[in-house]
Amino acid sequence: MNNDEDSIWFAMRVTYRRELIAQRLLDEQGIENYIPKKYVRDSKHPRKKILAPVIHNLLFVHTTPSEMRRLKSEDSIPFMQYMMDMRSGSKIIVPDDQMRQFIAVTADYDETLLYFKPGELNLTRGTRVRVTGGPMEGREGVFLKVKGARDRRLVIEIEGIIAVAKALVHPDLVQVLED
């Protein structure tokens, strides 16, 4: 790996629901990656719950640009494709801080999390906040009333890809951020 380059988070599409195969191949090569998952009922065993991707074909990969080119050019993982920003035509790169917050909120597979596609939420109607206490301390997002929930929730978004609404955060633990 080239030491002159910094690792960045690439948002990737994996064709034909092979995101778990791609994750296994990346894990075998020691490349950091992340798939947001949740517990769902197993279709073969209705009483059993299994961990499944929240959005099929979505995978985040933390590596250098040259390493990503190698992964895609060799026959290592040919079914991975860059997610592109339709407005600019560039690859979607997720800032480290934003990805770290997203992983921190989604990694516990909390069943109360609500996931939303891009454009499903109007985040401009909410208030930008930072959580000042409790298990979510230090997390930043938008405090917003979302469909499917009675109370306002902390929403953390990876722009153009996915948004997640965390269960109720008490208003006393929220600090409003100035824009």
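This note goes through strands, helices, salt bridges and a cavity in a predicted model.

1. Basis. The model is predicted, so local features are taken only at pLDDT of at least 70 and side-chain atom pairs only at pLDDT 80 or more, while totals for chains, interfaces and linings use all residues. Residues are numbered from 1 along each chain as its sequence is written, and side-chain values use heavy atoms, with hydrogens and water left out.

2. Strand E11. Five of the seven residues of E11 are buried, so the strand is mostly covered (buried is under 20% relative accessible area, exposed over 50%, partly exposed in between, with a 1.4 Å probe and protein chains only).

3. Pairing of E11 with E10. Strand E10, residues 140-145, runs antiparallel to E11, with four bridges between the two (strands pair if DSSP finds at least two bridges between them). Lysine 145 has arginine 152 of E11 as its bridge partner. Six residues lie between the strands of this hairpin, and glycine 148 has a positive phi near 90°.

4. Pairing of E11 with E12. Strand E12, residues 162-166, is also paired with E11 in the antiparallel sense, here over five bridges. Isoleucine 156 is bridged to valine 164 in E12. The hairpin has three residues between the strands, and glycine 160 takes a positive phi near 80°.

5. Helix H1. Which residues of helix H1 (residues 19-28) are buried? They are Glu19, Ala22, Gln23, Leu25 and Leu26. These residues are on the same side of H1, because they cover an arc of only 165° around the axis (the arc is that of the directions from the helix axis to the C-beta atoms). Glycine 30 follows H1 and has a positive phi, near 75°.

6. Helix H3. In H3, the buried residues are Met99, Gln101, Phe102, Val105 and Thr106. They line one face of the helix, since they fall within an arc of 160° when seen down the axis of H3. Helix H3 spans residues 96-106 and holds both aspartate 97 and arginine 100, three residues apart, about one turn of the helix. These two residues form a salt bridge, with the closest N and O atoms 3.4 Å apart (a salt bridge is a side-chain nitrogen of Lys or Arg within 4 Å of a carboxyl oxygen of Asp or Glu). Aspartate 97 is partly exposed at 43% relative accessibility, and arginine 100 is exposed at 52%.

7. Salt bridges overall. How many salt bridges does the rule give? The count is 11. Asp85, Arg87 and Glu159 are linked in a network of them. Arginine 87 counts as exposed, at 69% relative accessibility, whereas aspartate 85 is partly exposed, at 22%.

8. Lysine 166 and aspartate 110. The side chains of lysine 166 and aspartate 110 meet in a salt bridge of 3.4 Å, N to O. This pair links distant parts of the chain, 56 residues apart: lysine 166 is in strand E12, and aspartate 110 is in the loop between H3 and strand E8 (114-116).

9. Cavity. One cavity of 30 Å³ or more is counted, and the largest cavity has a volume of about 40 Å³. On a 1 Å grid over the protein atoms alone, a cavity is a set of points where a 1.4 Å probe fits but cannot get out, and lining residues have an atom within 4 Å of a point. Grid points are joined across faces, edges and corners, and the volume is the space filled by probe spheres set on the points. The lining of the largest cavity consists of Lys117, Pro118, Gly119, Glu120, Leu121, Leu123, Glu157 and Ala163. By class, four of the lining residues are nonpolar, one is polar and three are charged (Ala, Val, Leu, Ile, Met, Phe, Trp, Tyr, Cys and Pro count as nonpolar, Asp, Glu, Lys and Arg as charged, and the others, Gly among them, as polar).

10. Leucine 121. Leucine 121 is in the loop between E8 and strand E9 (127-131). Leucine 121 is buried, with a relative accessible area of 17%, and is among the residues that line the largest cavity. From isoleucine 35, leucine 121 is 86 residues away in sequence and 21 Å away in space, C-alpha to C-alpha.

Note on methods
1 Å grid on protein atoms, 1.4 Å probe; cavity = no way out; pocket = protein on both sides within 12 Å on 5 of 7 lines; lining within 4 Å.
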